[in-house]
There are 6 protein chains.
Amino acid sequence: MRITRNWLDHAEGSVLVEFGRTRVLCAASFTAGVPRWLKGRGTGWVTAEYEMLPRSTNTRSDRESRRGKVGGRTHEISRLVGRSLRAVIDTKGLGENTIVLDCDVLQADGGTRTAAITGAWVALADAVADARSRGLIPPSAQPLTGSIAAVSVGLVDGLPVLDLDYPEDSTAQTDMNVVMTGDGRFVEVQGTAEGEPFDRAVLGDLLDLATVGCAELTLLQQAALEATPRERRA
Amino acid sequence: MRITRNWLDHAEGSVLVEFGRTRVLCAASFTAGVPRWLKGRGTGWVTAEYEMLPRSTNTRSDRESRRGKVGGRTHEISRLVGRSLRAVIDTKGLGENTIVLDCDVLQADGGTRTAAITGAWVALADAVADARSRGLIPPSAQPLTGSIAAVSVGLVDGLPVLDLDYPEDSTAQTDMNVVMTGDGRFVEVQGTAEGEPFDRAVLGDLLDLATVGCAELTLLQQAALEATPRERRA
Amino acid sequence: MRITRNWLDHAEGSVLVEFGRTRVLCAASFTAGVPRWLKGRGTGWVTAEYEMLPRSTNTRSDRESRRGKVGGRTHEISRLVGRSLRAVIDTKGLGENTIVLDCDVLQADGGTRTAAITGAWVALADAVADARSRGLIPPSAQPLTGSIAAVSVGLVDGLPVLDLDYPEDSTAQTDMNVVMTGDGRFVEVQGTAEGEPFDRAVLGDLLDLATVGCAELTLLQQAALEATPRERRA
Amino acid sequence: MRITRNWLDHAEGSVLVEFGRTRVLCAASFTAGVPRWLKGRGTGWVTAEYEMLPRSTNTRSDRESRRGKVGGRTHEISRLVGRSLRAVIDTKGLGENTIVLDCDVLQADGGTRTAAITGAWVALADAVADARSRGLIPPSAQPLTGSIAAVSVGLVDGLPVLDLDYPEDSTAQTDMNVVMTGDGRFVEVQGTAEGEPFDRAVLGDLLDLATVGCAELTLLQQAALEATPRERRA
Amino acid sequence: MRITRNWLDHAEGSVLVEFGRTRVLCAASFTAGVPRWLKGRGTGWVTAEYEMLPRSTNTRSDRESRRGKVGGRTHEISRLVGRSLRAVIDTKGLGENTIVLDCDVLQADGGTRTAAITGAWVALADAVADARSRGLIPPSAQPLTGSIAAVSVGLVDGLPVLDLDYPEDSTAQTDMNVVMTGDGRFVEVQGTAEGEPFDRAVLGDLLDLATVGCAELTLLQQAALEATPRERRA
Amino acid sequence: MRITRNWLDHAEGSVLVEFGRTRVLCAASFTAGVPRWLKGRGTGWVTAEYEMLPRSTNTRSDRESRRGKVGGRTHEISRLVGRSLRAVIDTKGLGENTIVLDCDVLQADGGTRTAAITGAWVALADAVADARSRGLIPPSAQPLTGSIAAVSVGLVDGLPVLDLDYPEDSTAQTDMNVVMTGDGRFVEVQGTAEGEPFDRAVLGDLLDLATVGCAELTLLQQAALEATPRERRA
């Protein structure tokens, strides 16, 4: 598990997240203005776009740009990442500005959506700090109200497992993605019975495991933010 | 809460579900053949498409067909409905046939996706029975392994509430959609903190309430299936 | 033949039209503003969108939203409905407001376009009355200058037939859709030789029959408007 | 009014039609095979595509290819042209072959759709003859069962007028497109009240005028087919 | 080789270019305003769109409008034509106006892109003169800073050849498109080894030949501009 | 300048190319089968897709997948990369297999297309070797007939400059992309006068410089292929 900040020169915040073989590049772009439907309210917006490179996976997938439409899974994960990040954003603190988080999967081996959320939060934190340091938001503004991290947990051969890689993921009977705040509360719980429906006890076990996993990732995020002096090259 | 079977003449199964003011028309279409990636395996496929009529809502929305693309929410719900139904389908029992569930929201007042799942299951059951009666699947085939029903629960003013209507839904701090089998196990749990992140205790309360709600709907589904003699007019 | 007003709670006007097995839901949405090319002229706009649910027909059709493009037939009928309604609208009387008529075919058994026109006119009348009662257009404004109704007539086995259902429609040698005003004049005449070209005498017979049919529908529309007290629930 | 055959070197049939300032290039392409839904029936297919060059009109229009969708008017006219031509085609005589008629409006000054139909029929006749001469259809096959021609007629200042040019067209109270066979029967009658609805007497006057106009065009088509020796250069 | 000016009545400049069997219709449209990203800078814009009619080629191609996307080749050539023309335009001299050059290939037999450039320049010159004569740009403005012409050259059977027609083009080992100003300088050089890579000497020979060819076309353009009195009929 | 092989675990060949701040990830995917139009000829196919990540540039660009269409520049460069690689491929040696080169720009600072070509060739070489080692092509097959590399050269302040970075690129009077084989012959020469047209002498200077640059890159490619033992992890 590794979080490399400032992997890109141009972006206001950027992180390369590596969870096992999974590698996701998260870039935060701060831009003035908000979408049309938010104009004039004095609040900002945070959104995300997730996409996989065609050969991030074991066999090549067609590009969504060539097919002319964005697939359901891509849409669904993009919405999940954006919604999760907004749970720890006070949009008033952003002013009428937008931060877009681009999460591009360079290599996929399970858990790309949770890696994306975990990395995107660090890129978001850097973009907020960058905006404050450049005077784009007031020094007193605190748009970031907390941290989030995400893990996938699942039931493999009847046992709860953390951070499924692809072979585990595709054989898991139950797959659950959990997004939690740094102080241990839930932002998203998405559990799916891939095979057998699951009962309340299994659900409890998976949530216990997810809680532990998110706490570890929270430490990793904090370490990354402290260790690297922020120094954008662009 | 009302389930009207055989609302359409042509479809192999069809249900008009009414939950409060929410009205969803669920049509099950049985067709020979499976998608290309499944061919030759001897198994069938069940999938779903969800869409809202432009004036199902309080203010008119543009048609997705005119905009030339399906929105993320539509994709996401379509996938949820299909995935949920597949949890109680043994695809081998279908042979190389496909059942598509079209869930069209005629009027929306909260809970459209859970109404769609609950109604679609009844339409699916009718379509399976119809296929058996017409000899399209063997008399001994049991592709339907159980029933599912779905509810939305939420935290409104700090209290758990079942079956949110639209005004409640849009003010809920937490919104959770739960899909359960007729025997009380979980197929999908999707909880989202709209405002404040939630803790484990709240999650437990919501799941308790959902369990009660799904059990009631299961009874309603069974009553509907028993009461109406199946008589397709087409 | 049945016209049910106020089938929807939200729409400014709504009608469920049933012609035999054909069922079309017509919703009129009144919104402030006009398309860009009409701005600043002080006149309003009336337009229509027609679409069929995927399983309204005997075999399921793909959704146009999923195919990413609207088909020629859908375009053609949408244009016909809108053009026909505009024949009895004085757009100056609407002010700079738009009324969109959504005609969604829930079940199809021939004559869906003429049912849509006939029902949409009633929904339009309700939406105009609603706008007047809410002060969105002046009490003195009379944007509705008359009524329209539509029938399909055809030559089946050499004989003129009114209101073709699907089996007749697909075997008709000539198919004609006629839109007429309540006072018996023509708004649209669209005749097509499906098989043998037709001569002037046949054309005359079909127009005679259409005239009778439209007159009947006009009575039905008037009865519907008088019978039901307008009471929108939204 | 002018019909120039063999305007293109490659096409199996091609005609440049000039009606006043209106100029439409009609190309007939004969290809082996039929659309998927017709395969194996031993019958052929005739279809048409109509489109306007961006600067065929007085002010430039955007290309439909750039907008990524075909407009409703384009669809509607393409369907009209194809349907009209099929009225004089015995598809059995074509074998499993397809003829596509491309009607591209190089310059528009009213009446483009009727010019397209009139010219496309000549190109179609040439393509059928070409196929026979090259042995692609049997010498005895008679897929062409007659001729068609089309005119637009309208009511301008209360008087019936033939072949509206653009200024007339846009001020006509009633606009009617009529497609007739060479022996004087109707294939398509499409009348639209642009302003005031019209009565049966006006309809009769317009049909009389259209009948005269189509008869003249039929003579012009025959003259064109006789005068020019068919000599394809490709 | 023939250049016919004023082939269209509506366009501000229009040219039918014929190079052998290749025929391209070039229409220049002058419109007030510039694309959004240029607004407020006081400069104009010149751009081009190239497209082939479906039956301009030996076998019919599908329309890009029907496929819903513009192909790579079409995009590439459109960009080449626009970029080439902008090399001899001083956009300040245009004011905030746009000239679009539509180059539609009516018949293709090799060299369509170079024919398009050569013809489009003449249409552009006419459109600029027209704008000046109508007072849309000041009498003193000189937006046109020179002329351009284009040829294709290639290596066929080891020998340099000018103006490849289609059979030569498809067998050429090397294909080069060269755009030059009237005073003999290069605007674009695009050479591609279709088969064997080429060396510097071959490149030199091809450029020599292109220089001769462009000089001839420049004379032809000048003759066309002098010979025909400009007389727009629209 | 750096070429890192095997940057991805799944791809048959993969290279991260870094030219200054420009970083392009090139992945070669070997798959059985060829596009429909090539089937049954016993020859293979090599093609490429180029795309930029939204925040590879200084300001964020919209994703082409979300806009629903691939832009002209993306198409043009994808075609250039594919065409260049095919110049050193003997498609017969591939059998009926396809290699797709995905070139995704992670960070852009000028010269992305030439970096993509240079890196893609190395990934292609690895994919060919991998196919041979796994027996997908015969041991004797030599589909790779040589090497290619590419540079951009330009005229900045009147002086020829190699490998323009973005600030230079956007101020260059002339911009030329040159693709050469390892033995010093030309595959593509694409020169564009951004400002002033250029003469033959300038063209000569630029080609001299490009020749030197490509030779250096050829050495770098060879070193990369020799240094790293090929060891695919997937």
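This is a predicted model: local features need pLDDT of at least 70, side-chain atom pairs count only at pLDDT 80 or more; totals for chains, interfaces and linings use all residues.
How many of the 22 residues of α3(B) are buried?

**View 1. Helix α3 of chain B, from end to end.** Here we look at helix α3 of chain B, which covers residues 112-133. The answer to the opening question is 19 of the 22, so α3(B) is largely enclosed by the rest of the structure. From its first C-alpha to its last, α3(B) reaches 31 Å, close to the 32 Å expected at 1.5 Å a residue. After the helix comes Gly135(B), with a positive phi near 75°.

**View 2. Helix α3 of chain F.** Now for helix α3 in chain F, again residues 112-133. Its end C-alpha atoms are 31 Å apart, which agrees with the 32 Å that 22 residues should span at 1.5 Å a residue. Is α3(F) mostly covered or mostly uncovered? Mostly covered: 19 of its 22 residues are buried. Just past the helix sits Gly135(F), and its phi is positive too, at about 75°.

View 3. Which residues meet here? On the chain A side they are Arg200(A), Leu203(A), Gly204(A), Leu207(A) and Asp208(A). Facing them in α5(B) are Arg200(B), Leu203(B), Gly204(B), Leu207(B) and Asp208(B). Sorted by class, the contact has four nonpolar, two polar and four charged residues.

**View 4. The α2 helices of chains A and B.** Chains A and B also meet through helix α2 (residues 72-86 in chain A), where α2(A) and α2(B) pack at about 110° with their axes 8 Å apart. That makes the two helices roughly perpendicular. From α2(A), the contact takes in Gly72(A), Arg73(A), His75(A), Glu76(A), Arg79(A) and Arg83(A). From α2(B) come Gly72(B), Arg73(B), His75(B), Glu76(B), Arg79(B) and Arg83(B). What classes of residue make up this contact? There are eight charged and four polar residues, and no nonpolar ones.

**View 5. Ser78(B), a residue of helix α2 in chain B.** Let's stay with helix α2 of chain B, where Ser78(B) is found. Is Ser78(B) buried or exposed? Its relative accessibility is 4%, so Ser78(B) counts as buried. Setting aside neighbours within four places in sequence, Ser78(B) is in contact with Ala48(B), Glu49(B) and Tyr50(B), and also with Arg66(C) from chain C.

**View 6. Arg86(A), in helix α2 of chain A.** Over in chain A, Arg86(A) lies in helix α2. With 25% relative accessibility, Arg86(A) counts as partly exposed. Beyond its neighbours within four places in sequence, Arg86(A) is in contact with Trp45(A), Val46(A) and Thr47(A). Have a look at Ile117(A) as well: Arg86(A) and Ile117(A) are 31 residues apart in sequence, and 11 Å apart in space from C-alpha to C-alpha.

**View 7. Two chain pairs without a contact.** How far apart are the closest C-alpha atoms of chain A and chain D? They lie 10 Å apart, and no contact joins the two chains. For chain C and chain F, the closest C-alpha atoms are 10 Å apart, and here too no contact joins the pair.

Note on methods. Residues are numbered from 1 along each chain as its sequence is written. Chains are lettered from A and ligands numbered from 1 in the order in which they are written. Side-chain values use heavy atoms; hydrogens and water are left out. Contact means heavy atoms within 4.5 Å. Helices (H or I, at least four residues) and strands (E, at least two) are DSSP runs, numbered from the N terminus. Ala, Val, Leu, Ile, Met, Phe, Trp, Tyr, Cys and Pro count as nonpolar, Asp, Glu, Lys and Arg as charged, and the others, Gly among them, as polar. Buried means under 20% relative accessible area, exposed over 50%, partly exposed in between (1.4 Å probe, protein chains only). The expected span of a helix is 1.5 Å times one less than its number of residues. Axes are lines fitted to C-alpha atoms, for helices over the stretch in contact, and angles run from 0 to 180 degrees between N-to-C directions. Angles under 35 degrees count as roughly parallel, over 145 as roughly antiparallel, 65 to 115 as roughly perpendicular and the rest as oblique.
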